[in-house]
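Subject: Structure handover

Dear colleague,

I am passing on the structure below, together with some notes on what was found in it. Please keep it open beside this message as you read.

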Amino acid sequence: MVKATRVTNSIRSLRFAHEEMTQADLASRIGVSRQTVIAIEQGRYSPSLEMAFQIAEVFGVPLDDVFQYAKEEK
């Protein structure tokens, strides 16, 4: 079983805000498979820092508009 990451993202909403960009379109623009984009969107995979910056660049937004880190509650 894959442990879910505490990194969340807004990729799905950003895709729809950018002319309903498909997962395949985004994958092509950042050089990964559609399955990788799906896994990132679903929080099953955390992208490398470089890939995270590439995703933010595609949408023309700062990195923290795409990815958020949920702090662990004590």
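The side chains of glutamate 41 and arginine 15 meet in a salt bridge, with 2.6 Å from N to O (a salt bridge being a side-chain nitrogen of Lys or Arg within 4 Å of a carboxyl oxygen of Asp or Glu). Because glutamate 41 lies in helix α3 and arginine 15 in helix α1, the pair ties together parts that are 26 residues apart in sequence. The structure holds 1 salt bridge. Glutamate 41 is buried, with a relative accessible area of 18%, and arginine 15 is buried too, at 4% (buried means under 20% relative accessible area, exposed over 50%, and partly exposed in between, with a 1.4 Å probe and protein chains only).

Before going further, please note that this is a predicted model, in which local features need pLDDT of at least 70 and side-chain atom pairs count only at pLDDT 80 or more, while totals for chains, interfaces and linings use all residues. Residues are numbered from 1 along each chain as its sequence is written, and side-chain values use heavy atoms, with hydrogens and water left out.

Helix α3 covers residues 34-41, and its buried residues include Val37, Ile38 and Glu41 (helices, H or I of at least four residues, and strands, E of at least two, are DSSP runs numbered from the N terminus). Among the elements that cover these buried residues are β1 (7-9), α1 (11-17), α2 (23-30), α4 (49-59) and β2 (67-69). Just after α3, glycine 43 takes a positive phi of about 75 degrees.

Glutamine 23 is placed in helix α2 and counts as buried at 15% relative accessibility. Leaving aside neighbours within four places in sequence, glutamine 23 is in contact with Arg15, Arg34, Val37, Ile38 and Glu41 (contact means heavy atoms within 4.5 Å).

Isoleucine 30 also lies in helix α2 and is buried, with a relative accessible area of 9%. With neighbours within four places in sequence again left aside, isoleucine 30 is in contact with Met51, Gln54, Ile55 and Val58. The C-alpha atoms of isoleucine 30 and glutamate 50, which are 20 residues apart along the chain, are separated by 10.0 Å.

With kind regards
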